[in-house]
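Work through the exercises below with the sequence and coordinates open. Each task is followed by a stepwise solution.

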Amino acid sequence: MADMVCDNCGSTDAVVHLTQIVNNQMSTHHLCERCAAEKGLESAPQMANLPLIDVIAQMTEEAPLDAATAGAECSFCGLTFGGFRETGRLGCPQCYEAFAGHLPQILRRIHGSVEHVGKVYLPPDPTASEMENRLEGLRRGLNRAVQSEDFERAAEIRDEIRNLEPA
Amino acid sequence: MNEFEAIPDHGLSWLEASGEHADVVLSTRVRLARNLQGHAFGLRARVNDREAVLRQFKDSTERSTVLKGGTLLEMSSMADRTRHILLERRLVTKDLLGEEGSEPAHGTAVHFSRVDPVSVMVNEEDHLRVQSLLSGLRIQEAWRIVDRLDEDLGRELPFAYHNDFGYLTSCPTNVGSGLRASVFMHLPGLVLTKEIGKALRGLGELGLTFRGLYGEGSEVVGNFFQVSNQTTLGRTEEDLVDHLDRIVRKVIEDELHARQILLRDARGVTEDKIWRAYGLLRYARALSFEELMNLLSGVRLGASLKLLPGLRVYTLNKMMIFTQPAHLGQAAGRDLSSTEGDAHRAAYVRRILATEGDVKADDTSSDGDAPSQQP
């Protein structure tokens, strides 16, 4: 797209294009980022939430990483914490253990929580405690289904609990 | 095109405009991110990781009632145009196809179920992405479909799961439930009445996020927005899904209200904009995809407001998909230059409007309250 001139300040980087109808008249305005912001408009990408990499960067700016933390490495895939900070992607399931000292803080910033409360996974050959965790998760789900009067769902969960519970 | 013969409805059932509020909500997607223990995630996965993941997944499909008898397509054994048709039908992601101009990574694949509208992408950013794409607003239904398949797969595959953090994912923004539900909406009323900024800011405050369908600039094309949950950890799947559903219904209500305001306060301008858009689509000899999307927005609004009688949302949905480069190339039997593409796009649009979208201007008078613009 050719550079567009901002209707307000005349700079050549108008990126916000606003079509409006006032008193039955339609008009289109082209504004640069700054003028748009001054008018209380923002271009869509700016309004989207901060990407993860920025979140991590912002956090490490507030509390700079020491060499040991930056160099902390996952023993399974070899990813360093510094590497994670650059890409925003973890390397493997073990990374969650390797960076356990720092991840909760990041997760809290992203999700406002550090604890999974959803579905409890039941692996193919479950241990007794994995089975108990699953059952507990299902009972929580049953309570929620009953509370929200979703009786069809409640019946499904009840069947599943019966199938798993030791006879 | 044998690949598409094997996919139920050629992967196009989400276009049929059958779900609730299908004129405002094009489609609903719910996906779950899952990874297997013992293998590096997407970006750091080596060839043997990806091969092992694909092998384990293939074995599990045989024992899954949902996946058995379905269709597995490996990206590296498909023609480039066919892969891009999958992308244009929104059945795979750009990430699955890899860098533009280079071959897809070894082991990348997608598997379509024969029984449910659900598929699994293999070796994308996460090892598995289970997803259901439905027409209209059907968030709970899409969630139940992916949940059912997830249970099937979980019985067979050792998922990476953590007692505190839940399902582990490559990106920490997906960890926990691994669930992302998104709704693809058309919101011209809110844009034209200047309410969109407020609406979108509100979404952010409610833990939702949105993306526009962006053109070459940062401009949102055609007033289409994708609204989805922002967080995946600390809330149950049902909670995430119900919350999105509730908010989306409120946005739809606001959108419909904004449209009524347009009709009340600016009926002349609105009708003119809609009919101009229809006229251009009906007769233009060259259309860029961006121009098409912007005109389609006007025409879609017209169809929804019954100002363009007889024009079906399904026809408009098809126009969005079949006018993308790989689809046009497929129809022409060769790759098209950008100029040729614009001409082919306009020709396709003229043809489809002539056969199933022939709206006569006179018909508006049957509305009763339409302005008397006829001579």
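**Exercise 1.** Which residues of the largest nonpolar core touch the most other members?

The model is predicted: local features need pLDDT of at least 70, side-chain atom pairs count only at pLDDT 80 or more, and totals for chains, interfaces and linings use all residues. Residues are numbered from 1 along each chain as its sequence is written, and chains are lettered from A and ligands numbered from 1 in the order in which they are written.

Step 1. Apply the core definition: buried Ala, Val, Leu, Ile, Met, Phe, Trp, Tyr and Cys residues joined through C-beta atoms within 7 Å. Buried means 20 or more other C-beta atoms within 10 Å of the residue's own, with C-beta atoms placed from the backbone.

Step 2. The largest core has 121 residues, and Cys95(A), Val110(B), Val122(B), Ile139(B), Val146(B) and Val299(B) touch the most other members.

Step 3. Helix H10 (residues 289-304) of chain B gives the largest share of this core, eight residues. Helices are DSSP runs (H or I, at least four residues) and strands are E runs of at least two, numbered from the N terminus.

**Exercise 2.** List what Val299(B) touches, leaving out residues up to four places away in sequence.

Contact means C-beta atoms, placed from the backbone, within 7 Å. The partners are Ile274(B), Ala277(B), Tyr278(B), Leu281(B), Leu308(B) and Leu316(B).

**Exercise 3.** Describe the contact of chain A with chain B.

Step 1. Chain A gives 45 residues and chain B 56 residues.

Step 2. In chain A, strand E1 (14-22), helix H2 (44-47) and helix H7 (103-111) each supply at least two residues.

Terms used:
A residue is buried if 20 or more other C-beta atoms lie within 10 Å of its own, exposed if 12 or fewer, and partly exposed in between; C-beta atoms are placed from the backbone. Two residues are in contact if their C-beta atoms, placed from the backbone, lie within 7 Å.
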